[in-house]
Amino acid sequence: MRVVILPSARAAAEAVARFVAESIRTSPSLVLGLPTGRTPIPFYRSLVALHRRGRVDFRRVRTFNLDEFAGIPADHPGSYHAYMRRHLLDHVNLRPSHVRILDGMARPWRREVAQFEIDLDAAGGLDLALLGIGRNGHLGFNEPAGALAAATHRVKLSAASRKANADLFGGRWRDVPTHALSMGIGTLLGARTVILLASGADKARIVARAFTGPVTTQVPASLLQVHPNAVAVLDRAAAARLP
Ligand code: PGA
């Protein structure tokens, strides 16, 4: 696990956006794993700016999102589909058929999560997965637990994760769906390269625990310590508790 510390959240976001743009220039049909949440917003803003300046062309890129809420449709403003349209898809030339986001309304959900793995395999697997880290150490919606599902699956959200997403639902965490569909931990760790982006003082404790503590399913992000090609890109505040 490599750790890169930059002076600000903005500098971290810009560095990751430049790395992604460079990766796409080198491999125009790159397969990307994409996160949602507050942390990646400046990253998407930087990536869109690079696209506007002609520095990155998404025409052949494929994307797979990490997760989506269960039980709300893609056009619900709180959905991660809506988030992705707002922050990336409405602004770049990704082909709609190259964008795969789990369908939270799919019935039966078991078929949807299995199909997601089939679609990812057909694309050749993830070349580069971009991740955030939850304050509880989750990756995607792989929540801390005694055991984790390797493949894409349905998950019951912790109260902590529902509260962390309250902003998307008018600040009312009880309106946040109780379940989600998420890439499995094995799906994520199968990415050839993983970049975890974390910023802000409220992530300092979990960052230190995940990257310098024991590898445990109780801190899903700690599993990145055994990934052969994982990098954490942090601002100074998120890195403050690292030795
Ligand atoms: P955040 O979410 O960027 O909103 O803190 C990160 C995550 O839960 O993975």
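Colleague: What makes the second largest pocket a pocket, and how much space lies in it?

Modeller: About 150 Å³ of space lies in the second largest pocket. On a 1 Å grid over the protein atoms alone, a pocket is an open set of points with protein on both sides within 12 Å along at least five of seven lines, whereas a cavity is a set where a 1.4 Å probe fits but cannot get out. The volume is the space filled by probe spheres set on the points, which are joined across faces, edges and corners. The model is predicted, so local features need pLDDT of at least 70 and side-chain atom pairs count only at pLDDT 80 or more, while totals for chains, interfaces and linings use all residues. Residues are numbered from 1 along each chain as its sequence is written, and side-chain values use heavy atoms, with hydrogens and water left out.

Colleague: Which residues line the second largest pocket?

Modeller: Its lining includes R2, V4, F19, T193, N229 and V233; lining residues have an atom within 4 Å of a point. At least two lining residues come from each of β1 (2-6), α1 (9-26), β9 (193-198) and β10 (230-235). Helices (H or I, at least four residues) and strands (E, at least two) are DSSP runs numbered from the N terminus.

Colleague: How is the lining of the second largest pocket divided by class?

Modeller: That lining has 8 nonpolar, 2 polar and 1 charged residues. Ala, Val, Leu, Ile, Met, Phe, Trp, Tyr, Cys and Pro count as nonpolar, Asp, Glu, Lys and Arg as charged, and the others, Gly among them, as polar.

Colleague: How do you know that the ligand sits in the largest pocket?

Modeller: A molecule sits in a pocket if more than half of its atoms lie within 2 Å of the pocket's grid points, and the ligand is assigned to the largest pocket on that criterion. The largest pocket has a volume of about 650 Å³ and 30 lining residues, with T36, G37, R38, A164 and K203 nearest its centre. α3 supplies the largest share of this lining, 4 residues.

Colleague: Which residues surround the ligand, and what makes a contact polar?

Modeller: G37, R38, T39, G132, I133, G134, H138 and K203 surround the ligand, each with a heavy atom within 4 Å of it. A polar contact is a pair of N or O atoms within 3.5 Å; within protein, one must be able to donate a hydrogen and the other to accept it, and residues adjacent in sequence count only if both atoms are side-chain atoms. Polar side-chain atoms of T39 and H138 lie 2.4 Å and 2.6 Å from an oxygen atom of the ligand, and a backbone N or O atom of R38 lies 2.8 Å from one. The protein covers 83% of the 280 Å² of accessible area that the ligand has on its own, by the Shrake-Rupley method with a 1.4 Å probe.

Colleague: How many cavities does a search of the whole structure find?

Modeller: The search finds 1 cavity of 30 Å³ or more. The largest cavity has a volume of about 50 Å³, and its lining divides into 8 nonpolar, 2 polar and no charged residues. Among the lining residues are V16, T39, F43, G132 and I195.
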